[in-house]
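Below is a short note for a colleague who has not seen this structure before. The points follow after the view.

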Amino acid sequence: MWVANAIQRVQTLYANAGPYVEAFRLNGLSPQERAKAAWARLRKENVDPRLVVATCLAVELTILGDPQPASKPEFRWVQMAKQVHKMASGTHKRWPNAIGGPKELHVYPRSRGQVLRHLGADLEKAIELLIAHHAIGGAI
C-alpha cells in the first residue's frame, strides 16, 4: 500500500509538470521551473515511476548505512535528485538531410544548485510515507 502511494505520487509529479521543455530552452527559467521541466522530461521519456521510487530508496539505504551520514536533509534531497535527473536528461535532435550530411544536436541540462533542491524536496514528499512506515530513514 505504501509503495503504491509513492508510485502514485511520482505519477502526480509527472502529470503536474506542465509542458515538455527542450533542454536547450531552459536558459532564463527559474530553478523551480527547471525542476518541473525535469519532471516533464521524465514523463516524455516514459521513465517508470517505480524506478524513481527504487532510486530514492537506494539513496536512503545508502545514507542509512553510512557510518558518518550527513545530518542535513538537503544532502539526501540532492543525492536523490542527481540520480533521478540523469534518468531522462537531455534533448536529442537529428536532421538527416542537412547540407554536408546528417546533423545532430545533443544538449544536456546541468544538474546543480537549487534545481536539485527542488527536485529532491519533491522526491522526499513522494516517498515520505513509505520511508516513515518502514522506518528506513531514522533522520526523517
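1. Leu26, Arg34, Ala38, Arg41, His85, Pro109, Arg110 and Val115 line the largest cavity. A cavity is a set of points on a 1 Å grid over the protein atoms alone where a 1.4 Å probe fits but cannot get out, and lining residues have an atom within 4 Å of a point. The largest cavity holds about 50 Å³ of space, a volume being the space filled by probe spheres set on the points, which are joined across faces, edges and corners. The count is one cavity of 30 Å³ or more.

2. The model is predicted: local features need pLDDT of at least 70 and side-chain atom pairs count only at pLDDT 80 or more, while totals for chains, interfaces and linings use all residues. Residues are numbered from 1 along each chain as its sequence is written, and side-chain values use heavy atoms, with hydrogens and water left out.

3. By class, the lining of the largest cavity has four nonpolar, one polar and three charged residues. Ala, Val, Leu, Ile, Met, Phe, Trp, Tyr, Cys and Pro count as nonpolar, Asp, Glu, Lys and Arg as charged, and the others, Gly among them, as polar. H2 gives the most to this lining, with three residues.

4. The largest pocket has a volume of about 160 Å³; a pocket is an open set with protein on both sides within 12 Å along at least five of seven lines. Its lining includes Ala23, Phe24, Arg25, Tyr108 and Arg112, and divides into six nonpolar, one polar and four charged residues.

5. The chain has five helices and two strands, in the order α-α-α-α-β-β-α along the sequence. Helices (H or I, at least four residues) and strands (E, at least two) are DSSP runs, numbered from the N terminus. The C-alpha trace spans about 60 × 30 × 25 Å along its principal axes.

6. Which aromatic rings pair? Tyrosine 14 and tryptophan 39 do, in a tilted arrangement with 6.1 Å centre to centre and 50 degrees between the planes. Rings of Phe, Tyr and Trp (its six-membered ring) pair if their centres lie within 6.5 Å; planes under 30 degrees apart count as stacked, over 60 as edge-to-face and the rest as tilted. Tyrosine 14 lies in helix H1 (residues 2–15) and tryptophan 39 in helix H2 (residues 31–44), so the pair ties together parts that are 25 residues apart in sequence.
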